[in-house]
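Subject: Structure handover

Hello,

Here is the structure for your files. My notes on it follow below.

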Amino acid sequence: RSPILPQRQWQHAWLAIRRKEVMPCTLNSTLVRGVLTASLGADPGIVYLTPVGGGDINDACMVATRGGNVRYFAKYSNSAVAADMLTAEYHSLTVFLERGSPIRTPNPVGYGCQDGQAVLVLEDLDLATTSASDAQWRLMGRQVL
């Protein structure tokens, strides 16, 4: 709770930040299209990029493709270390999947860098509609350790 803002204003400000209402998606659509085309072998036809909240280090967008039946999650950044960091994450996720990680891990689709912006494109797990029980959260915590 913020001592400066009344409760309702604080809640509205927090929701706006979580929904990224105050920040548009600044992901270079040419970059993400290139990454998807290289990984999938064809241009998926990006329809729109929607900002999503939750990240502190990188920004993120939901990538909707033509037809709306396939969506991707894209993490991106303009920081100097972003390309190395996102490339390492891509390779780490690949190893998790190859070794049969017991934790549901998104499939890494591809990564790239253009004009100082780096992006990592992942399978969209649609976690917003997933509800896990307390037991499932405890199990995930044990699996991470």
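Contact in these notes means heavy atoms within 4.5 Å. This is a predicted model, in which local features need pLDDT of at least 70 and side-chain atom pairs count only at pLDDT 80 or more, while totals for chains, interfaces and linings use all residues. Residues are numbered from 1 along each chain as its sequence is written, and side-chain values use heavy atoms, with hydrogens and water left out.

The sheet. Helices (H or I, at least four residues) and strands (E, at least two) are DSSP runs, numbered from the N terminus; two strands pair if DSSP finds at least two bridges between them. Five strands form an open sheet with antiparallel pairing, in the order β1-β2-β3-β5-β4. β1 (46–52) and β4 (108–114) each have a single partner strand, so one side of each is left without a neighbour in the sheet. From one strand to the next, the twist averages 25 degrees. Six bridges join β4 to β5 (residues 117–123) in the antiparallel sense, and glycine 112 is placed opposite valine 119 of β5.

The helices. Angles run from 0 to 180 degrees between N-to-C directions, with axes as lines fitted to C-alpha atoms, for helices over the stretch in contact. α2 (residues 29–40) lies across β1, β2 (59–65), β3, β4 and β5, at about 135 degrees to β4. α3 (residues 82–98) lies across β3, β4 and β5, at about 165 degrees to β4.

The cores. A nonpolar core is a set of buried Ala, Val, Leu, Ile, Met, Phe, Trp, Tyr and Cys residues joined through side-chain atoms within 4.5 Å; buried means under 20% relative accessible area, exposed over 50%, partly exposed in between (1.4 Å probe, protein chains only). The largest has 15 residues, and Leu36 and Val119 are among those with the most contacts inside it. α2, β2, β3 and β5 each supply at least two of its residues, with α2 giving the most, four. Apart from this core lies another of seven residues, including Leu86 and Leu122.

Lysine 75. This residue is in strand β3 (residues 71–77). Lysine 75 counts as buried because its relative accessibility is 18%. Leaving aside neighbours within four places in sequence, its contacts include Asn58, Asp59, Leu86, Glu89, Val119 and Leu122. With glutamate 89, lysine 75 makes a side-chain to side-chain polar contact at 2.7 Å (a pair of N or O atoms within 3.5 Å; within protein, one must be able to donate a hydrogen and the other to accept it, and residues adjacent in sequence count only if both atoms are side-chain atoms).

Regards
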